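Subject: Structure handover

Hello,

Here is the structure I promised to pass on. Please open it beside this message and follow along.

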Amino acid sequence: MKHVYGWLLLTPAAILLIGFTHYPTLRTIGESFFSRGSSLRPSRFIGLDNYRAMFDDPIFWKVLTNNLWFALGTIPTSIILALTMALLVNRALPGRALVRMAFFTPTILPMIAVANIWLFFYTPDIGLIDQILSLVGISGHNWLGDPATVLGAIIVMTIWKEAGFFMIFYLAALQHLPPELREASRLEGAGRWHHFRRVTFPLLMPTTLFVLINAVINSFKLVDHLFILTKGGPNNASNLLLYYIFETAFSYFDTNFAATLTVALLFLLALMALAQFYLLDKRVHYR
Amino acid sequence: MKRDPISWLGNALETGAAWLLAIVWIAPLLYALWAAFHPGEYAVRFDLFAPLTLENFAHALERAPFPRYAFNTFILVTSLLSAQLVLCTLAAYAFARFEFKGSSIAFGLVLVQLMITPEILIVENYAILADLGLVDTIAGIGLPYMASAFGIFLLRQAFKSTPRELEEAARLEGCGVLGVLWRVYVPLARPTYLAYGLVSISHHWNNFLWPLVVTNSVATRPLTVGLGVFGAPESGVNWSVISAATLLSVAPLLIAFLLFQRQFVQSFMRAGIK
Amino acid sequence: MKPLKKLLGALSIAAMCWSANPAAAATELTMYYPVAVGGPLTAIVDSMVADFMTENPDITVNAIYAGNYNDARIKALAALNSGQPAQTSVMFSIDLYELIEQDAIVAFDDIVTTDEERAWLDSFYPALMENGTTGGKTWGIPFQRSTIVMYYNKDAFRAAGLDPEAPPQTWDELVEMGKKLTKEDGSQWGAMIPSTGYPYWMFGALTMQNGQVLMNDSGDTTFFDDPAVVEALQFWYDLGNTHQIMPAGTIEWGTLRQNFLEGKTAIMWHSTGNLTAVKDNATFDFGVAMLPASERRGTPTGGGNFYIFKQTTPEERTAAMKLIKFMTSPERSAEWSMKTGYVGISPAAYQNEALVNYVEEFPYAAVARDQLEFATAELSTYQTGRVRKALDDAIQAALTGAATPEQALGEAQAVAERLLKPYR
C-alpha cells in the first residue's frame with residue numbers, strides 16, 4: 001500500500017520535474033548531434049561536428065575560462081563576507097536592524113535593475129567610482145571598457161548581490177547554536193578567534209555546504225547583469241557560458257550549437273556535484 | 001563587568017567595520033533614491049540643495065505600463081508559490097513517510113534539479129514550452145519551477161523531524177493519509193513553509209532570464225523584464241527615470257521586507273535551514 | 001515522449017486563462033517594434049497607431065514594444081513558431097537575410113498590385129532602401145532610420161579657441177581639433193566614438209570614409225581584411241592611443257549621450273535618433289555636422305524597417321500594407337522625424353510644411369538627410385548575428401590592444417568566410 005501511496009503523492013511533482021529537467025536534458029543531448037536548421041536548410045544529423053566546432057571555437061574557451069575565474073572570484077569571497085556579516089550582526093551593535101537590512105537589500109533588488117545603477121558606478125569620468133577617485137586626485141578609469149578590469153567589476157557586483165543572501169542562512173544557523181558553547185569556551189579561557197575556529201565554524205559546516213552549493217550554481221546561472229552592463233564585451237572579456245548559450249540560441253538562432261554548449265555546461269555542473277559529494281560530504285553531518 | 005580598553009577598541013572596530021560594510025552595501029539603493037527624486041541634471045552630480053521632484057516617477061509611469069507589469073509579477077509569484085506548496089508538500093510527504101519502492105532513486109532524481117535549474121536548460125525548455133503552446137503566458141513562466149527540488153528537500157526534512165506518535169494519534173482519530181498530512185505535518189512545518197515562501201517569492205520576483213525568453217507582450221511581461229526592456233542601454237541611459245522605475249518595481253518587496261524583517265529571519269531559524 | 005507532452009498540456013490548460021488573448025476584430029494585426037535610441041518613442045508610435053485605427057475602424061493594431069532590435073527579432077520569430085504570430089513588424093534593417101533564410105517574410109513586390117503602390121515603393125531615399133533589397137526584390141520599407149552624425153559642443157570649441165561654426169571636415173582636422181579640445185586634467189576629451197552596443201555600425205562609417213564598404217550586396221561576402229578597412233580600425237585605435245583625444249578601451253554606447261551632455265567630451269559620434277534627446281537636454285550650445293572624411297564622406301544607414309510576414313492571410317497583408325503606407329506617409333514621417341531626430345524617409349517628407357518650417361528653425365534636423373547622399377547599407381549578411389559578432393569582437397580586441405587591427409580583422413574575416421561559404 002505504501003508503495004502506491006508514495007508514487008501517487010509523488011506523481012504530480014514528478015511529471016513536472018521530468019518534463020522540465022530530465023526530458024529536456026536528454027533532448028539537449030540529442031539536439032547537439034544535429035546541424036543548425038532554418039526553413040530553407042533543414043537540420044540534419046551531423047554526429048560530433050558540433051562538438052568539434054565547439055572545441056575549435058575560441059569564444060567557447062574564453063567564456064569557459066571567464067566562468068571559472070568568475071566562480072573563483074565570487075564563491076569564496078561572498079561566503080567569507082556572508083559569514084563575517086552574520087557574525088557582525090549577531091552581536092550587540094548600535095543600529096543592528098539597519099545594518100542587517102543594509103546587508104540584505106541586494107537580495108530583494110532585481111539584478112537587472114541594479115545593473116543600471118552599477119553601470120552608473122562604473123561609468124568612466126561621470127560615474128560614482130571615478131568621481132570619488134577624482135576627489136583624491138586619481139584620474140578616471142574605463143572600468144567596463146578595459147578587458148583587464150571588466151570581469152573584476154562584474155565579480156564585485158555579484159559578490160555584493162550574493163553575500164547578503166548567504167548571510168541570512170549563516171545568521172539563522174548562528175542563532176540556532178546553543179549559547180552555552182560560548183560560555184564553555186570562555187571558562188576554558190579560549191579567545192574569540194579560537195572559539196570561532198574550533199567551535200563555531202565546524203558547527204556551521206552544513207550551512208557552509210548549503211551556501212556553497214548555491215554559490216556554485218549561481219556562478220553558472222547568474223548572467224542577468226550582462227544584459228545591461230557589458231553584453232559580454234569588450235571582446236568577450238566578460239562573457240559567461242550561459243550568456244553565450246543564450247546568444248547562440250536566440251540571437252544566432254543556432255539552437256543545436258547552443259545545445260552542444262549546454263551539454264558542456266551540464267558536464268561541468270555534474271563534475272561540481274560529484275566533487276562536492278565526495279570531497280565535502282564526508283566532513284559534514286547532513287541528513 | 002569592567003571593560004578593558006583592548007576589548008573596547010576591538011568592539012569599536014567591529015562596529016565601524018559593520019557600518020562601513022553596511023554603507024557600501026546600501027549605496028546602490030541610496031543612489032537610486034537620490035537619482036529618482038532629483039531632476040535629471042543631478043543624476044550624476046551630488047548637490048545637497050538640489051531640488052526634489054516626483055517627475056521621474058511620472059515619466060517612468062508614462063513610458064511603460066509598470067502597474068501592469070507589477071500585476072503580472074504578482075500573479076506569477078502567487079500562483080507559482082501556491083502550485084509549489086501543493087506539489088512539494090505531496091512529494092515531500094511521500095519521501096518522508098512512505099518508504100516506497102524506488103524512493104531513494106526517485107529522491108536522487110529530484111535532487112538533480114538543485115543543480116540543473118530550468119534556466120540552465122533554457123533552449124530546450126523554451127522548445128518544450130512552444131510545443132505546449134505556452135509561450136507568452138504567465139503559466140509558462142511558472143511551469144518549469146513548480147516542482148521545486150529545493151522545496152521538496154526542505155519540507156521532507158521538516159516532515160521527517162515530526163514525531164511519529166502525533167501521526168499515530170491522528171490515525172486513531174480516523175484520519176486518512178491526506179488527513180494526517182493536513183492535520184499533523186503541514187501545521188508543524190509552518191516555519192519551513194514561511195521561509196520557503198519568502199525565498200520563492202524573492203527569487204521569482206527578481207528572476208529575469210527565463211521570463212525574458214518566454215514573454216513577448218505587455219500582458220505577460222513581469223517587472224524585471226519590463227525593467228530590462230525599459231532600461232536597455234541602447235536607448236541611452238537616463239538614470240533618473242530608471243531609478244524611479246527601479247524603486248517602483250522593488251517597493252512592494254522592500255516594504256514587505258522592512259515590515260517583516262524579524263519574522264523573516266526567525267522563520268529561517270525555526271525552519272532549521274542550515 | 002508524446003504522452004508526456006499531453007499530460008503536461010492537460011496540466012497547463014487550467015493555467016491557460018492567464019495567456020494573452022486579444023479580443024477578436026475584423027482584421028487584427030500584431031506588430032512588434034523596437035526602440036534603440038533615446039526619447040519616449042513608444043508613446044509616439046502608440047499615438048500614430050491610434051490615429052491609424054481611427055482612420056481605419058475595421059483594422060485593429062496591437063503594437064508591442066519589444067525592447068531593443070535583438071529582442072524584437074527574437075520575439076517576432078518566436079511568435080511565428082509559437083502559433084501567435086505577428087503579421088508585420090518593425091525590425092532591424094540588417095535582419096533581412098536572417099528573415100529570408102527563415103522563410104519568414106514576403107517581398108513587397110509580390111504584394112503590391114497597383115501602379116500607385118509600385119510608385120510608392122520607389123518614393124523613398126535610395127540609400128535607405130539598400131538594406132531592404134536583395135536579389136532584385138524589396139523586402140523592407142524604411143521607418144525608423146538613422147545615420148551617424150557628429151554632435152559637438154560649441155561652447156567647448158569656443159573655449160579651445162576654435163571656430164564653433166567649423167567642425168572638423170576630415171580625419172586630420174578631427175585629430176588636430178581633438179587635441180586642442182582635450183584637457184590635460186582629463187576633465188574633457190576631444191571626441192568619443194562608442195564601441196559597445198553597435199561597434200560594427202560606427203566602424204562602417206570609418207571604413208566607408210576610407211573608401212571601402214564592409215560587404216557585398218548579396219550578403220554572402222565580407223571585406224573585413226581589406227587594407228582600407230584595416231587602416232580605418234588603426235585610425236580608430238590611434239584616436240585613443242597615439243593621439244589620445246579619446247579614452248582608450250571601449251566606450252559605452254548607452255552612457256555616451258550622458259557623457260556628452262555632461263561636457264566630458266567635446267565631440268561625439270552617435271545616431272541621429274539622439275538628436276531630440278540632445279536638443280532637449282543640452283545645457284550648452286551644441287552643433288550637429290556630417291561625419292568627417294578621409295577618402296570621402298560616409299556613414300552607414302541604420303535602424304528599423306517594416307516587414308510583412310509570410311504567415312498571413314491576404315486580408316492581413318492588405319491591412320498591413322495600409323498600416324505601413326500610413327506610417328511611412330510624408331506627413332507621418334515628417335512628424336516622426338521632428339519628434340525623434342530619425343531621418344525623414346522620403347524626399348516628400350522634407351517637403352511637408354511642418355518639417356520645412358522645423359528645418360528652417362533648427363537646421364541640424366537636416367544634417368542626417370543631407371548625409372544620405374554619402375550613405376551606404378549597414379553590415380548585413382547571412383548568419384548576420386555571428387558575422388556581426390565576429391566583427392564586433394575584432395573591433396573591441398583592437399581597441400583594447402588585445403590584438404593588432406590586422407590580426408583582429410584577419411580572424412574576423414576567416415570566421416565570416418567559414419560562415420558564408422555555404423551561401424554562395
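Where is the place of C:Q383 in chain C? C:Q383 is in the loop between strand 11 (375-376) and helix 18 (384-399) of chain C. Helices (H or I, at least four residues) and strands (E, at least two) are DSSP runs, numbered from the N terminus.

Some ground rules before the rest. This is a predicted model, in which local features need pLDDT of at least 70 and side-chain atom pairs count only at pLDDT 80 or more, while totals for chains, interfaces and linings use all residues. Residues are numbered from 1 along each chain as its sequence is written, and chains are lettered from A and ligands numbered from 1 in the order in which they are written.

Two residues with positive phi

Back to C:Q383. Its phi is near 50°, a positive value in a residue other than glycine. C:Q383 counts as buried, with 26 C-beta neighbours inside 10 Å. The cut-offs are these: a residue is buried if 20 or more other C-beta atoms lie within 10 Å of its own, exposed if 12 or fewer, and partly exposed in between, with C-beta atoms placed from the backbone.

Now take A:N235. This residue is not a glycine, yet it has a positive phi of about 50°. A:N235 lies in the loop between helix 11 (224-229) and helix 12 (241-250) of chain A. Is A:N235 buried or exposed? A:N235 is buried, and 25 other C-beta atoms lie within 10 Å.

A buried valine in chain A

A:V150 belongs to helix 7 (residues 147-176) of chain A. A:V150 counts as buried, with 27 C-beta neighbours inside 10 Å. Which residues does A:V150 touch, leaving out those up to four places away in sequence? They are A:L144, A:T230, A:P234, A:A237 and A:S238. Two residues are in contact if their C-beta atoms, placed from the backbone, lie within 7 Å. A:V150 and A:Y122 are 28 residues apart along the chain, and their C-alpha atoms are separated by 9.6 Å.

Chains A and B

The contact between these chains involves 78 residues of chain A and 78 residues of chain B. Helix 1 (residues 2-31) of chain A gives the largest share of the chain A side, 20 residues. By class, that side has 56 nonpolar, 16 polar and 6 charged residues. Here Ala, Val, Leu, Ile, Met, Phe, Trp, Tyr, Cys and Pro count as nonpolar, Asp, Glu, Lys and Arg as charged, and the others, Gly among them, as polar.

Chain B has 13 helices and 0 strands. Its radius of gyration is 24 Å, well over the 19 Å that the globule rule gives for 274 residues, so chain B is more spread out than a compact globule. The radius is taken over C-alpha atoms, and the rule is 2.2 Å times the number of residues to the power 0.38. The C-alpha trace of chain B spans about 70 × 70 × 30 Å along its principal axes. Of its 274 residues, 54% count as buried.

Chain C

Chain C has 19 helices and 11 strands. Its radius of gyration is 23 Å, close to the 22 Å from the globule rule for 424 residues, so chain C is as compact as a globular protein of that length. Buried residues make up 57% of the 424.

Chain C is divided into domain 1 (25-145 + 302-365) and domain 2 (146-301 + 377-423). These bounds come from an automatic or database domain assignment. The domain centres, taken over C-alpha atoms, are separated by 27 Å. In chain C, 26 residues of domain 1 are in contact with 25 residues of domain 2. Helix 4 of chain C gives the most to the domain 1 side, with 4 residues. By class, that side has 11 nonpolar, 9 polar and 6 charged residues.

Confidence

pLDDT is the predictor's confidence in each residue, from 0 to 100. The mean for chain C is 88, and 92% of its residues reach 70 or more. Among the elements of chain C, helix 1 (residues 2-13) has the lowest mean pLDDT (44), and helix 10 (residues 227-240) has the highest (96). Over residues 1-25 of chain C the pLDDT is below 50. For the complex, the predictor gives an ipTM of 0.89 and a pTM of 0.89.

Best wishes
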